[in-house]
Amino acid sequence: QAMEEKERYISGLTDSKGYLSVFAQAEDALEVHGVFPAAQRDILLARSLDVDLIRRRRRENARVLLEGLRELALFKELGEEDCPLFLPVLLDDRDRVRRHLIGHQVYCPVHWPKTDYHRLDTNAQKLYDHELSLVCDQRYSPEDMERVVALIRDIL
């Protein structure tokens, strides 16, 4: 349900971000009930994926981001076997850049949010405070990645 609502939001069919609360409910349910086997429908869908196409698209998208933002990238090169979901970048003012991207309908996660349980050294603190994950998975095109690069260049 959450993914369907998110797709409608991304596609511009709705302005509602109700999918966020559905994701939160699912996370809560996992905490209480744990993980259970996938539905047969989902198993069949996973088996029919074109993995080579997914890999090519992710690598091309990551290449475009690296070409435009290499100096910000946490990892400067794409390895021969890499198949990224996102390209992590380090930004002095991550939150300002993130807000700018959100204002242009580009949503990038922070994969390492801090909690009260974290005890971080200087290097880890920098990662937690400055990393932004630029999504480059197969749902997006190289043109989408060029737009992300341009938006980041504009705000910097």
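In which loop is T14 found? Select T14: this residue is found in the loop between α1 and α2. Please bear in mind throughout that the model is predicted.

**The whole chain**

Before going further, display the entire protein as a cartoon. The protein contains seven helices and two strands, and their order along the sequence is α-α-α-α-β-α-α-β-α. The C-alpha trace spans about 45 × 40 × 35 Å along its principal axes. Of the 156 residues in the protein, 26% are buried. Consider also the contacts between residues at least 6 apart in sequence: 60% of them join residues at least 24 apart.

Return to T14 and show its side chain. The T14 side chain reaches the backbone nitrogen of S16 at 3.1 Å. If residues up to four places away in sequence are not counted, T14 touches E5, R8 and Y9. Two of these residues, E5 and Y9, are the next selections.

Select E5, which lies in helix α1. Which side chain of opposite charge is nearest to E5? That side chain is R8, at 4.6 Å. A salt bridge requires a side-chain nitrogen of Lys or Arg within 4 Å of a carboxyl oxygen of Asp or Glu; E5 is buried yet has no salt bridge. The side chain of E5 does reach the backbone nitrogen of Y19, at 3.2 Å. Leaving aside neighbours within four places in sequence, E5 is in contact with T14, G18, Y19 and V22.

**The aromatic cluster**

A pair of aromatic rings is described by the distance of the centres and the angle of the planes. The structure holds three aromatic pairs. One of them is formed by Y9 and Y19, whose rings are tilted, at 5.7 Å centre to centre and with 45 degrees between the planes. This pair links distant parts of the chain: Y9 belongs to helix α1 (residues 2-10) and Y19 to helix α2 (residues 19-33), ten residues apart.

Are Y9 and Y19 buried or exposed? Y9 is buried, because its relative accessible area is 12%. Y19 is likewise buried, with a relative accessible area of 7%.

Now centre the view on Y9 and Y107. These two residues form another tilted aromatic pair, with 5.9 Å centre to centre and 55 degrees between the planes. This pair also links distant parts of the chain, for Y9 is in helix α1, whereas Y107 is in the loop between α5 (94-103) and α6 (122-130), 98 residues apart. Y107 counts as partly exposed, at 30% relative accessibility. Taken together, Y9, Y19, F23 and Y107 form one aromatic cluster.

**The nonpolar core**

Select L65, V89, L101, L132, L134 and I152. The largest nonpolar core has 22 residues, and these six touch the most other members. The elements that give two or more residues to this core are α4 (51-69), β1 (86-90), α5, β2 (131-135) and α7 (142-155). Centre the view on V89: residues up to four places away in sequence not being counted, V89 touches L72, A73, L74, H130, E131, L132 and L134.

**Charged pairs**

The last selections concern charged side chains. Side chains of opposite charge can pair when their charged atoms come close. The structure has eight salt bridges.

Select E71 and R153. Their closest N and O atoms are 2.6 Å apart, and the two residues form a salt bridge. The pair links distant parts of the chain, with E71 in the loop between α4 and β1 and R153 in helix α7, 82 residues apart. R153 counts as partly exposed, at 38% relative accessibility.

Select R63 and E67 next. These residues form a salt bridge, with their closest N and O atoms 2.2 Å apart. Because E67 and R63 are four residues apart in helix α4, about one helical turn separates them. E67 counts as exposed, at 54% relative accessibility, whereas R63, at 33%, counts as partly exposed.

Finally, select R70 and E77, which form a salt bridge whose closest N and O atoms are 3.5 Å apart. R70 is partly exposed, at 31% relative accessibility, while E77 is exposed, with a relative accessible area of 61%.

Notes
Residues numbered from 1 in each chain as written. Predicted model: local features only at pLDDT ≥ 70, side-chain atom pairs only at ≥ 80, totals over all residues. Heavy atoms only, no water. Phe/Tyr/Trp six-rings, centres within 6.5 Å; stacked < 30°, edge-to-face > 60°. Buried < 20%, exposed > 50% of the residue type's maximum accessible area, 1.4 Å probe, protein only. Lys, Arg positive; Asp, Glu negative; His and termini not counted. Polar contact = N/O pair within 3.5 Å; in protein donor to acceptor, adjacent residues only side chain to side chain. Contact = heavy atoms within 4.5 Å. Core = buried A, V, L, I, M, F, W, Y, C linked by side-chain atoms within 4.5 Å.
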